Amino acid sequence: MSNKPIVAVVGRPNVGKSTLFNRLAGENISIVKDTPGVTRDRIYADASWLKYDFTLIDTGGIEPDTSDLILSHMRSQAEIAIETADVIIFMVDVQTGLTDADQKVAEMLRRSKKPIVLCVNKVDSFKKFQYDVYEFYNLGLGEPFPIAASNVQGLGDMLDEVVSFFEHDGEASEDDYDIPKIAIVGKPNVGKSSLINKILGEERLIVSSIAGTTRDAIDTMVKYDDKEYRLIDTAGLRRKSRIKEDLERYSIVRTVASVEKADLVIMMIDATEGITEQDAKIAGIAHDRGKGVIIAVNKWDALEKDDKTMYRFLDEIQKTLAYMTYAPIVFISAITGQRINKLFETIDMVVQNQALRIPTGVMNEILYDAMAMNQPPSDKGKRLKIYYMTQVSIKPPTFILFINDKELMHFSYTRYIENQIREAFGFKGTPIKLIGRERKDK
């Protein structure tokens, strides 16, 4: 599984960012099986063009009315995009023409040295707006692509340009592919930096910095007990961002970017606060993206405890993250280094489970036993038939079930089969994907 490039959409209010976002995200925006407990902020979505899959981020949001506020808001949008994206779509509006705010943001984007695709929206007739489009050459960002997002005109050429920048992403070497990529995520002030600093401060660690995929991201190579790990985007965590860290939308964008580039996510929770709605939102991002997950409960040493504290805590986490019962939970202290060795043992276990392959024969024995114990559902006299099942990929382990009718494959029965697979093979720490594929009876 290669990690998907990130494309951010930046532009003034009302230039049509959301329209473009929804067009490109297509049907993917409302994921059919929503992760329970996660309110879906329409801030990121999966999109694809030609043979490329990418993650689309809408940096929009607050739309202030005075021009000063608009400019400062656009600056922070641009900063978010510059910091997290691999390619930036800068959107302007042909009907308003070139504005001062466009000029100032263009200047920031140019300095970033990131690939920028300039797209001029609301051009429903090129003939009519030709000269107005040419005016945007003045931004010094290269060729402006005329589009009309609302009726999907011109999107093909613009997307060809966007994906042309993907190919030159440093190809990962074979060795690099084997080194687990780990993102440490969580709310602001949960102790992410302390954990990284603690890991980097351990004498047993040999540390080196390597440029990450985005301009400011620094990934750090770490050696622990003779095994190598790559910590994703440590710079962003170790220095407080120029943008206020508590800007929730910003930290969510940053989280999406880090999770996208990782194989495995360490989701940090503050023991002194308990698990919160924002924790559930962040965990949902990792789950949706099919990443391995470990829940690290930090500041455990700072908690007044009795003999039931841990059980109460585990119970609370399992209730809030009911869709993620597969994620192992480790109680740590980033400040004292308590149980960091346990954290690394757990990382090794999850990495192994993410790459586990089950032979088709063994897989189908489990399937037939499961069906014998609990018959597939039927609807209006028609019963679901599952002919066989096979594993098609890893990270996350993905299985295809060949069935007679997708309509009959209820979520509850899919969940039942997933539980049977977990009972047989564990797969601790990794989501599992089950895909129903129809095969008509001969």
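## Aromatic contacts in a predicted model

Phe126, Tyr131, Tyr134 and Tyr137 are joined by ring pairs into a cluster. The model is a predicted one, and a search through the whole structure turns up 14 aromatic pairs.

Let's look at two of these pairs in more detail. Tyr224 and Phe344 are stacked, because their planes meet at 5 degrees, under the 30 degrees that stacking requires. Their ring centres are 4.0 Å apart. Tyr224 belongs to strand β9 (residues 218–224) and Phe344 to helix α12 (residues 340–354), so this contact ties together parts 120 residues apart in sequence.

Trp300 and Phe313 pair up edge-to-face, with 5.6 Å from centre to centre and 85 degrees between the planes. Here Trp300 sits in the loop between β12 (292–298) and α11 (309–320), while Phe313 is part of helix α11, so the parts tied together are 13 residues apart in sequence.

Are the residues of these two pairs buried or exposed? The table gives the value for each residue.

| Residue | Relative accessibility | Class |
|---|---|---|
| Tyr224 | 3% | buried |
| Phe344 | 4% | buried |
| Trp300 | 4% | buried |
| Phe313 | 6% | buried |

Each class follows because buried means under 20% relative accessible area.

Charged side chains also meet aromatic rings. Trp300, already paired with Phe313, has the charged end of Lys305 over its ring, 5.1 Å from the ring centre. Elsewhere, Arg439 lies over the face of Tyr387, and the distance to the ring centre is 4.4 Å.

Technical notes:
Residues numbered from 1 in each chain as written. Predicted model: local features only at pLDDT ≥ 70, side-chain atom pairs only at ≥ 80, totals over all residues. Heavy atoms only, no water. Phe/Tyr/Trp six-rings, centres within 6.5 Å; stacked < 30°, edge-to-face > 60°. Helix = DSSP H or I, 4+ residues; strand = E, 2+ residues; numbered from the N terminus. Buried < 20%, exposed > 50% of the residue type's maximum accessible area, 1.4 Å probe, protein only. Lys NZ or Arg CZ within 6 Å of the ring centre and 35° of its normal.
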